Amino acid sequence: MSKNLYVDSYSGNTIAALAEDGKLLEYHIEKRNSKVIAGSVFKGTVENIIDGMQAAFVNVGLDKNGYLYAGDTLIDKGDLQVDLPSTLNLQVGDEVMVQAIKDPFGSKGVRLSSYLSFAGRYLVYTPNFDVIGISRKITNEEARSRLAKIIEGVKAKGGFTVRTAAEFAKKSDIVKEAKYLIGLYNEVIEKYKTAKPGEVIYSEGNLAVRMLRDVYTSEISNIYVADKNLYEDILLDASKRGKEVVDKVSLYNKGIDMFQYFGLSGEVDNLLRNKVDLPNGANLVIDKTEALTAIDVNTGSYTGLINLETTVYETNLLAAKEIARQVRLRNIGGIIIVDFINMESDEHRESVVNALIDALKSDRAKCNVLGMNELGLVQFTRKKKRKESISLMVKKCPYCKGDGVIFSNDYIVLKIRTALLDLFADGYSSAVVDLNVEIMSYILQRGALTKDVQKIWTDKRIYVIPHKTYHQEFFTVRGDNNAVLELPDKAVLLY
């Protein structure tokens, strides 16, 4: 199996994706100028205490106060194997160092913890806990013992949680990272002393660097980066991890959109659809509500070759694996209810639940699966720290005035950019884009394509022509090699 990491940018936004054998496993978008909140450390001020819940609201300089609960921490408490204090011991007006463990969502402010953690590739440093934790995904007892001895030899205040990627890592690399994380914490302590209330003391790197840190293992074959600035950021981070990582990083410059070149564009578009086809003709229907996400399994056109029970069982097994991939790919969090097709055999029901559990083991987010009830429903939870990428790819539909969505302006610009890359790859010197008037205004006001025009299309001409009657998602791109173009007065040259 070949795993590749892909990184690109458009209009100042960053895209990072992980794929295995040509199928997407993760897809993330980070908007330009967005604040990386989850993982950030703040100097906050306590503004309200909720005694009955051992919680407090803390002003950390964001639009809404953060919620601080005594028992919260950024990392998996199961790996720590330690009981967290159940009281806050704070008063209104106190200044406190807190870390964001979950981004703001909807009407809720950022979720905070007073127990800090700093993640590396192999380790998570927990200065507040003098314990050694080892990922439960490392099941080999000899490996667990070896890793524990390595960490015991590191002299530091607090403790470490060993991540899954450390199982086959060199001792020198693990110790080097431990010292780096300790130094990082010491820098945070010094900055806190002089920081003003509401100030960010520490924040994690950009999406590209975080993705490399979180998903890189020896199984990653290639790291393709289509943006020069991000390429340099990743190379710098990769150099800290060793020559092996640096050698896998390459600057993509094939001319056409990278995701289209590698056959991933269709999968990205499919993220916006609630119906997911399975290879055997069956399908999943994914519906998200405010409280939970419901996934329905349907046989679709699949009729099987033996009998109904076998057909249903085979479909449910296939669905279990795809459900695990989809919740990870779409970054779905919270409560997830799966309506599997009803099976008569208890053995089959148990086997399907186990298949779902096994498939979820590769997910970086913590998942907890409950058994199947008599209705054939399986409930599981999935923890997430950041917004779903889909929320950055769509917006409320102005046409239906209901709960539907259409492509966001940024995503339409990305599709126009992809079409332009394809067109110029065919040898055209000029391009004419007919598009919705609102999308054209967005491109001009935001300079959405300015970077590409000034850097990679310096010898090209791109004209945009607005149309009031065009649907916001609709546009056409045509090429021309004539020196003089016949265009309407409303055409605008991008520069």
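Ala-208, Val-209 and Leu-212 of helix α4 touch Leu-230, Asp-233, Ile-234, Asp-237 and Ala-238 of helix α5, where contact means heavy atoms within 4.5 Å. Of the residues in this contact, 6 are nonpolar, none polar and 2 charged. Asp, Glu, Lys and Arg count as charged, Ala, Val, Leu, Ile, Met, Phe, Trp, Tyr, Cys and Pro as nonpolar, and the others, Gly among them, as polar.

The model is predicted: local features need pLDDT of at least 70, side-chain atom pairs count only at pLDDT 80 or more, and totals for chains, interfaces and linings use all residues. Residues are numbered from 1 along each chain as its sequence is written, and side-chain values use heavy atoms, with hydrogens and water left out.

Two packed helices are described by the angle between their axes and the distance between the axes. Axes are lines fitted to C-alpha atoms, for helices over the stretch in contact, and angles run from 0 to 180 degrees between N-to-C directions. Helices are DSSP runs (H or I, at least four residues), numbered from the N terminus.

| Helix pair | Angle | Axis distance |
|---|---|---|
| α4 (207–215) and α5 (228–239) | about 35° | 9 Å |
| α9 (308–329) and α10 (346–360) | roughly 20° | within 8 Å |

The contact of α9 with α10 includes Tyr-313 and Leu-317 of α9 and Val-352 and Leu-356 of α10. By class, this contact has 11 nonpolar, 3 polar and 2 charged residues.

Note on methods: Helix = DSSP H or I, 4+ residues; strand = E, 2+ residues; numbered from the N terminus.
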